[in-house]
Amino acid sequence: FSWTAMAAAAARYGDLVHQAKRWFGTAKGRNSRVILGSGSKIRRKLMDEICEQAGFEYEVISADIDERAIRRDDPADLVTTLALAKADAIQEKLKLNGDPSLENVLLITCDQVVVHNGNILEKPTSKDEARQFIEGYKDFPASTVGSICVTQPGTGRQESEVDTAHIHFDAIPPETIDYLIAEGEVFYCAGGLMVEHDKVNPHVTKIEGTMDAVMGLPKARVLNLLAKFFD
């Protein structure tokens, strides 16, 4: 990003925050119920930042679906399909619980994969796979492809967007990879990719896109999608 583009993005985000703060301050906004359909600690941290800035609260409900049962060849199609499937699963949970306030719900679901050298990488399932993923990032840039979906269960309306970012690395030392695997957090991240980790970040040489998108929850896109339901 150029400085001009960064300044424009920051101004746009500020406008989205202001718009959300204004709407969530109305009677309808105060009565709304925002749900984040993700168990990711990183996404919750980013959602906390959004809420602190825009002045609303949210709760977490996990979808608990078998993500590997859903296959698509195109990364954008895959993450969009998974985000929609998570929305369906959470809506079923809400209905089973006899929730009386579905019309006020705004449900945010997400999914992300890493694309590396033409291959779609999901969460590593073994130490060997995690090591293979992380070692390979020195050879080719990694791309994150993430989908954000906002669903209004009361009306069935859904809005979604896909965000892509590209990350360039130099070689990550073997001892750092050992540490990351022993720590275990890489097994909860697509491609074992943890750009924000203090042991990984020094080996990032360039990011094309936003850091929050790489981390799995592009904040501007979340607010932009929520704004489509402000009325």
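**Figure 1. Aromatic pairs in the predicted model, with the pair W23 and F230 in close-up.** The structure, a predicted model, contains 5 aromatic pairs. In one of them, the ring centres of W23 and F230 are 4.4 Å apart and the ring planes meet at 10°, so the pair counts as stacked; the cut-off for stacking is an angle under 30 degrees. The pair connects distant parts of the chain: W23 belongs to helix α1 (residues 3-24), whereas F230 belongs to the segment after α8 (219-227). The two residues are 207 residues apart. W23 and F230 are both buried.

Figure 2. F24 and F56 form a stacked aromatic pair, with 4.1 Å from centre to centre and 15° between the planes. Because F24 is part of helix α1 and F56 is part of the loop between α3 (41-54) and β2 (58-60), this pair ties together parts that lie 32 residues apart in sequence. F24 and F56 are both buried. Through ring pairs, W23, F24, F56 and F230 are linked into a cluster.

**Figure 3. Charged side chains over aromatic rings.** Two such arrangements are presented, one with R157 and one with K199. R157 is placed over the face of F229, 4.4 Å from the centre of the ring. K199 has its charged end over the ring of Y179, at 4.8 Å from the ring centre.

**Figure 4. The largest pocket and its lining.** Two elements, α3 and β3 (105-116), each give two or more residues to the lining of the largest pocket. The largest share comes from β3, which provides 4 residues. By residue class, the lining of the largest pocket comprises 15 nonpolar, 7 polar and 11 charged residues.

Figure 5. E122 is located in the loop between β4 (119-121) and α5 (127-136). The relative accessible area of E122 is 11%; this residue is therefore classed as buried, the cut-off being under 20%. The side chain of E122 is joined to the side chain of R71 by a polar contact of 2.6 Å.

Methods
Residues are numbered from 1 along each chain as its sequence is written. This is a predicted model: local features need pLDDT of at least 70, side-chain atom pairs count only at pLDDT 80 or more; totals for chains, interfaces and linings use all residues. Side-chain values use heavy atoms; hydrogens and water are left out. Rings of Phe, Tyr and Trp (its six-membered ring) pair if their centres lie within 6.5 Å; planes under 30 degrees apart count as stacked, over 60 as edge-to-face and the rest as tilted. Buried means under 20% relative accessible area, exposed over 50%, partly exposed in between (1.4 Å probe, protein chains only). A charge sits over a ring if NZ of Lys or CZ of Arg is within 6 Å of the ring centre and within 35 degrees of the ring normal. Ala, Val, Leu, Ile, Met, Phe, Trp, Tyr, Cys and Pro count as nonpolar, Asp, Glu, Lys and Arg as charged, and the others, Gly among them, as polar. A polar contact is a pair of N or O atoms within 3.5 Å; within protein, one must be able to donate a hydrogen and the other to accept it, and residues adjacent in sequence count only if both atoms are side-chain atoms.
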